[in-house]
Amino acid sequence: MQWIIKLDEGLARLSNFCGWIACVAMILMVGNVFYDVVARYAFDQVSIGMQEMEWHLYSVVFLFGIPYALRTDGHVRVDVLYTKWSNKTKAWVNLTGALIFVVPFAYLIGLYGYDFALDSYSMGEGSGDPGGLPYRWIIKAVIPVSAFFIAMAGLNMATFALRVMSGEKQYEGEHSAGGLA
């Protein structure tokens, strides 16, 4: 059981790292939007590259926010039923969901995302707009990278569920965003 605890804690650190990346990207995106608004309305200047950077940063926020949301139970679920279940039932649902849905879905995202990014790189894809950002493959490469972290978060859901089943952990408060250090 000790190895499951170590694995669970290590996977939790990975998910928390993804949350940190998403947080930094969100702060950068807010600064970028602020710059765009000031440049447009105060100085009548528009930068296509900065506008594209907004959706690049939003992509990072979304793609790296998913593993963190899975770790902190911030994802969407049918809570009407889930909240009334015992911890062991929740653990079985989470274990099954992680192994049947999250991990295989992350594998498919990674598989197709890798080809998507590789095609973009081999074409030398950049923005179609004048003044836009070059090297679009960089943001497309975030897709398979985030798929890896989503799979790790799915495994983290499974390891935490095993710890709940053993009676060592509980879902109430302990596994939510407020319970993470």
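## A salt bridge to start with

Let's begin with a pair of side chains: E52 and R136 form a salt bridge, with their closest N and O atoms 3.9 Å apart. (A salt bridge here is a side-chain nitrogen of Lys or Arg within 4 Å of a carboxyl oxygen of Asp or Glu.) E52 sits in helix 2 (residues 48-71) and R136 in the loop between helix 4 (87-123) and helix 5 (137-165), so this pair ties together parts that are 84 residues apart in sequence. E52 is buried at 5% relative accessibility, and R136 is buried too, at 16%. (Buried means under 20% relative accessible area, exposed over 50%, and partly exposed in between, with a 1.4 Å probe and protein chains only.)

The structure holds two salt bridges. The other partners to look at are E125 and K140, whose side chains meet at 2.8 Å, N to O. E125 is in the loop between helix 4 and helix 5 and K140 is in helix 5, so the pair ties together parts that are 15 residues apart in sequence. Both E125 and K140 are buried. As a general point, side chains of opposite charge can pair when their charged atoms come close.

## What you're looking at

This is a predicted model, where local features need pLDDT of at least 70 and side-chain atom pairs count only at pLDDT 80 or more, while totals for chains, interfaces and linings use all residues. Residues are numbered from 1 along each chain as its sequence is written, and side-chain values use heavy atoms, leaving out hydrogens and water.

The chain has five helices and zero strands, so-called DSSP runs numbered from the N terminus (helices are H or I, at least four residues; strands are E, at least two). Of its 181 residues, 38% count as buried.

## A greasy patch and a helix contact

F17, W20, V24 and L28 make a nonpolar surface patch of about 410 Å². (Patch residues have over 30% relative accessible area and no salt bridge; like charges are joined within 9 Å, and nonpolar side chains, meaning Val, Leu, Ile, Met, Phe, Trp and Tyr, within 5 Å. Areas come from the Shrake-Rupley method with a 1.4 Å probe, and for residues, only the protein chains shown count as cover.) W20 is in helix 1 (residues 2-43) and is exposed, with a relative accessible area of 53%.

Over in helix 4 you'll find L108, which is partly exposed at 42%. Its C-alpha atom is 9.3 Å from that of P144, which is 36 residues apart from L108 along the chain.

## One cavity

The structure holds one cavity of 30 Å³ or more, with about 40 Å³ of space in the largest cavity. (On a 1 Å grid over the protein atoms alone, a cavity is a set of points where a 1.4 Å probe fits but cannot get out; lining residues have an atom within 4 Å of a point. Points are joined across faces, edges and corners, and the volume is the space filled by probe spheres set on them.)

Its lining is Y35, D36, A39, R40, Q45, V46, S47 and Q51. Helix 1 gives the largest share, four residues.

Most residues other than glycine have a negative phi. D44, though not a glycine, has a positive phi of about 55 degrees; D44 is in the loop between helix 1 and helix 2 and is exposed at 66%. Y135 also has a positive phi, near 55 degrees. Y135 lies in the loop between helix 4 and helix 5 and counts as exposed at 53%.

Conventions. 1 Å grid on protein atoms, 1.4 Å probe; cavity = no way out; pocket = protein on both sides within 12 Å on 5 of 7 lines; lining within 4 Å.
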